[in-house]
Amino acid sequence: MLKAILLLAAGCGLTANACAQAPTAPLPSDLSTARYDRSDTLRAVKHLFIQRSRATRGVLQVGASTVATAAVEKVALASSDMKKRDKSFYETRQQETNGDLLIGGLATTYGLFRLSRFGPHQYQRVTEAYEQGAPLPPYLTRKLKTKYFRLEPL
C-alpha cells in the first residue's frame, strides 16, 4: 500500500514538473497574427463577404417580393366588391395580406441591415482599412472561421 502511494505521488510530481517547464506561447488575439498572413486574411474576408452577400440578396429578394405581392393583393381586394359579397373571406384575406406585409417588411429590413454589414461598399472600406494596418472590425473577426482561410473565393 505504501509503495502504491509513493508511486502515485512521484507520478504526480513528475507530471506537475513537466507541465511547469513546458514552453507556452502567448495565444494570438487576432486572426491575422495566428498563423495566417495578411493576404490569407484578405482572402478569407473576401470569401466571407461573397457568401454573406449572396445570402443577403436572397433575403432582400424574398422580402421585397413578399411585400410587393401583398401590396398588389391589398389593392386588388380594396378595389373589388368582395367585401359586399363575402365579408368573412374578405376579412380573412385582409388579415393574411397584413401578415404578409409584416413578414416581408421584417425580411426586407433584416436584408438591408445585412447589406450594411456585408455589402460591396463595406467590403471596400474594410479591405482598404486592413491594408493600411487597421484591425478588422469585431463583427468580422467573430465570423471568420478556419474554413474561410482554406478555401479560395469563388
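The points below go from the overall fold to charged pairs, helix contacts and surface patches.

1. Overall make-up. Please keep in mind that this is a predicted model. The protein has eight helices and zero strands, so its elements read α-α-α-α-α-α-α-α from the N terminus on. Of the 154 residues, 25% are buried. The exposed surface comes to about 10,800 Å², and carbon and sulfur atoms supply 62% of that area.

2. Contacts along the chain. Take the contacts between residues at least 6 apart in sequence: 78% of them join residues at least 24 apart.

3. Ala70. This residue belongs to helix H3, which covers residues 38-79. Is Ala70 buried or exposed? Its relative accessible area is 1%, so Ala70 is buried. Leaving aside residues up to four places away in sequence, Ala70 touches Thr97, Asp100 and Leu101.

4. Gln94. You will find Gln94 in helix H5, residues 87-118. With a relative accessibility of 13%, Gln94 counts as buried, because the cut-off for buried is under 20%. Again not counting residues up to four places away in sequence, Gln94 touches Lys74 and Leu77.

5. A salt-bridge network. Side chains of opposite charge can pair when their charged atoms come close. The structure holds four salt bridges, and a network of them links Glu73, Arg93 and Glu96. Glu96 and Arg93 are three residues apart in helix H5, so about one helical turn separates them. Arg93 is partly exposed at 22% relative accessibility, and Glu96 is partly exposed too, with a relative accessible area of 39%.

6. Another charged pair. Asp81 and Arg85 form a salt bridge, with their closest N and O atoms 3.3 Å apart. How exposed are the two partners? Asp81 is partly exposed, with a relative accessible area of 40%, whereas Arg85 counts as exposed at 60% relative accessibility.

7. A nonpolar patch. On the surface, Leu102, Ile103 and Leu106 form a nonpolar patch, and together they have about 320 Å² of accessible area. Leu102 sits in helix H5 and counts as exposed, with a relative accessibility of 53%.

8. A positive patch. Which residues form the positive surface patch? They are Arg142, Lys143, Lys145, Lys147 and Arg150. Helix H7 (138-143) and helix H8 (146-150) are the elements that give two or more residues to this patch. Arg150 is found in helix H8, and its relative accessible area of 62% makes it exposed.

Note on methods. Residues numbered from 1 in each chain as written. Predicted model: local features only at pLDDT ≥ 70, side-chain atom pairs only at ≥ 80, totals over all residues. Heavy atoms only, no water. Patch = residues over 30% accessible without salt bridge, like charges linked within 9 Å, V, L, I, M, F, W, Y side chains within 5 Å. Areas by Shrake-Rupley, 256 points an atom, 1.4 Å probe, with all protein chains shown as cover. Salt bridge = Lys/Arg side-chain N within 4 Å of Asp/Glu carboxyl O. Lys, Arg positive; Asp, Glu negative; His and termini not counted. Charge placed at Lys NZ, Arg CZ, Asp CG, Glu CD. Helix = DSSP H or I, 4+ residues; strand = E, 2+ residues; numbered from the N terminus. Buried < 20%, exposed > 50% of the residue type's maximum accessible area, 1.4 Å probe, protein only. Contact = heavy atoms within 4.5 Å.
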